[in-house]
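Visitor: Hi, could you walk me through this model? I'd like to look at it piece by piece.

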Amino acid sequence: MITDLWYKNAVIYCLSVGTFMDANGDGIGDFAGLERRLDYIQGLGATAIWLMPFQPSPKRDGGYDIADYYGVDPDYGSLGDFVAFAHAAKQRGLRVLIDLVVNHTSDKHRWFQSARSDPNSPYRDWYVWSKERPATTDEGMVFPGVQETTWTYDEKAGAWYFHRFFDFQPDLNTANPEVLAEILKIMGFWIELGVSGFRMDAVPFVIAEKGADVGGKPREQFDMLRDFREFLQWRKGDAIILAEANVLPKQDLDYFGDDADRMHMMFNFQVNQSTFYALAAHDARPLVKAIERTKPRPLSCQWGIFLRNHDELDLGRLTEKQREAVFAAFGPEKRMQLYDRGIRRRFAPMLAGDPRRIRLAYSLMFTLPGTPVLRYGDEIGMGDDLALKERDCARTPMQWTAEHQGGFTKAERAVLPPIDHGPYGYAHVNVADQRHDPGSLLNWMQSLIRQRKEAPEIGWGDVTAVPTGKNSVLALRYAWRGNAVLCVHNLAPEPVEVALRTGETEPEHDILVDVLTGSRSEAGPEGEHCLFLEGYGYHWFRVGGLDALLKRTPG
């Protein structure tokens, strides 16, 4: 069971092939370059790699406008290069997850080109059409201010087509059984080539009813998720789907399934947004509420926990007051914001490069209930280039060395310009220098990941918020198989002393051993531990100490 549920205690590393490592010197990252860097990813401690889209694409939306689901974009190599990479990853014990973008295609996809050219095309009903201009044409835009409509008239087709995203990304008619069969075929193709699962893009839109006569909130077709799950388990028993579904907590079980028969994993956007508020306001209370609201889920399901990803930081689930606090703290300038709802920055500059706050935040992320997902470059504190458009500012090439182009490429021009100036330029922030610095963020992150993998209670256990008497101090206790860990974080810059109870009933087990420092704490006469935390300080305790762990672990 533990082997099949490998994702419960995994560490996922997210990257874009095109901006990670260029092997052939054309300025664009490729699979050959990525394969060369697998030892780095393994050494960091990651157990799975999530690849953003790499299939052939016009790349008008970062590759999320796919023109062929069964290939590799020539910029990144060939199918053979992908298979070689997947095999090399497997040899190192690294699983591979890839983006599954099936809500829409590129308008250059042969399916859409056929559909628009002939009303009798076999692909006509693979998309969503309307003869008349729908009443909902100006509603439901995903990118307000940039995207003007969700329906566009096509002269060649003589009809309007639906696109939840940009007009060059026509939506697939996922209610069409032929389209559903094709999606399963796509999944089977990549499973056969060695992937261990998929990060499914825009899941609520994939399963939503689509059409000109669909008004209000479209009904979701959740049985579709069960079809995906059943097919995947049949083809590869331990393969998974990690769903991007930014939904309210009351809908979580609709996506997991009451019987755990839909999505294996989902990103926890509620906890993500509340984490940023907690960091901004030095107040753990809303984060505790978010954890409690998203706690009910089947045992075999899991949350994906993250700080930043390839998109903007969406703050839409916060109250207006909370959102204003996060903007003020981490994105006060208009150029740092996107769509008036989020922040488009990398994580380190959001915290002004303060190493204490950065380490506190990642310690917090790695101890929140779920599986941590780390964005490439964040392990060395990479910055952003706000001169680049929209989300490209946080998608710059990986900074390997202090050499030309940050060691990413030997070309004079890269797919996106590496950051070559300022405190986050590759002369100051790069892998090579941090490898040789024992106190670097990279070496600290490696140690943190090792400790996280040695605390399976966080991935598997039942979480309880322990009262601390301080709004700025978050204490989470995880219990699993007779063992427990207690993780305590001070979100404020001022040092603080707190008294708390571990929940242990046996005095001989009421000992806390800090797995990061080795220090010990024994409960006082009243059964409370008195803990001191520096400003932005944190502790990971094993409850009962090592002796209790050895005595109480089954087998």
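Visitor: What kind of model is it, and how are residues numbered?
Guide: It is a predicted model, where local features need pLDDT of at least 70 and side-chain atom pairs count only at pLDDT 80 or more, while totals for chains, interfaces and linings use all residues. Residues are numbered from 1 along each chain as its sequence is written, and side-chain values use heavy atoms, with hydrogens and water left out.

Visitor: Which domains is the protein divided into?
Guide: Domain 1 covers 12-99 + 247-255 + 264-452, domain 2 covers 110-162 and domain 3 covers 461-550. Those bounds come from an automatic or database domain assignment.

Visitor: How far apart do the centres of domain 2 and domain 3 lie?
Guide: Their C-alpha centres are 56 Å apart.

Visitor: Now helices. At what angle do α9 and α10 pack?
Guide: Helix α9 (residues 269-281) and helix α10 (residues 285-293) pack at about 170°, and their axes are 8 Å apart. The axes are lines fitted to C-alpha atoms, for helices over the stretch in contact, and angles run from 0 to 180 degrees between N-to-C directions. Helices (H or I, at least four residues) and strands (E, at least two) are DSSP runs, numbered from the N terminus.

Visitor: Roughly parallel or roughly antiparallel?
Guide: That angle makes α9 roughly antiparallel to α10. The cut-offs are under 35 degrees for roughly parallel, over 145 for roughly antiparallel, 65 to 115 for roughly perpendicular, and oblique for the rest.

Visitor: Which residues make the contact?
Guide: From α9 there are Q270, V271, S274, T275, Y277 and A278, and from α10 P286, L287, A290, I291 and R293. Contact here means heavy atoms within 4.5 Å.

Visitor: How do those residues divide into nonpolar, polar and charged?
Guide: The contact of α9 with α10 has 7 nonpolar, 3 polar and 1 charged. In this scheme Ala, Val, Leu, Ile, Met, Phe, Trp, Tyr, Cys and Pro count as nonpolar, Asp, Glu, Lys and Arg as charged, and the others, Gly among them, as polar.

Visitor: Which residues of α10 are buried?
Guide: P286, L287, V288, A290 and I291 are buried in α10. Buried means under 20% relative accessible area, exposed over 50%, and partly exposed in between (1.4 Å probe, protein chains only).

Visitor: And what do they pack against?
Guide: The buried residues of α10 pack against α9, α11 (320-330), α13 (355-366), β15 (462-465) and β16 (473-480).

Visitor: Since α13 came up, where does S363 sit, and what does S363 contact?
Guide: S363 is in helix α13. Setting aside neighbours within four places in sequence, S363 is in contact with W444, L448, H489, Y538 and W540.

Visitor: Why is S363 called buried?
Guide: Because its relative accessible area is 0%. P355 is also placed in helix α13, but P355 counts as partly exposed because its relative accessible area is 48%.

Visitor: Switching topic: how many disulfides are there?
Guide: The count comes to 0 disulfides. For C14, the nearest cysteine sulfur is that of C393, 15 Å away, whereas a disulfide is a pair of cysteine sulfur atoms within 2.5 Å.

Visitor: Are C14 and C301 buried or exposed?
Guide: C14 counts as buried at 2% relative accessibility, and C301 counts as buried at 0%.

Visitor: Which residues other than glycine have a positive phi?
Guide: Among them are A260, with phi of about 55°, and Q405, with phi near 60°. A260 is in the loop between α8 (252-256) and β9 (265-267), and Q405 lies in the loop between β14 (371-375) and α14 (431-435). A260 is buried at a relative accessible area of 11%, and Q405 is buried at 9%.

Visitor: Last stop, R92: where is it found?
Guide: R92 is in the loop between α3 and β3 (95-100). At 24% relative accessibility R92 counts as partly exposed. Not counting residues up to four places away in sequence, R92 touches L38, D39 and Q42.

Visitor: And G80?
Guide: G80 lies in helix α3 (residues 79-91) and counts as partly exposed at 46% relative accessibility.
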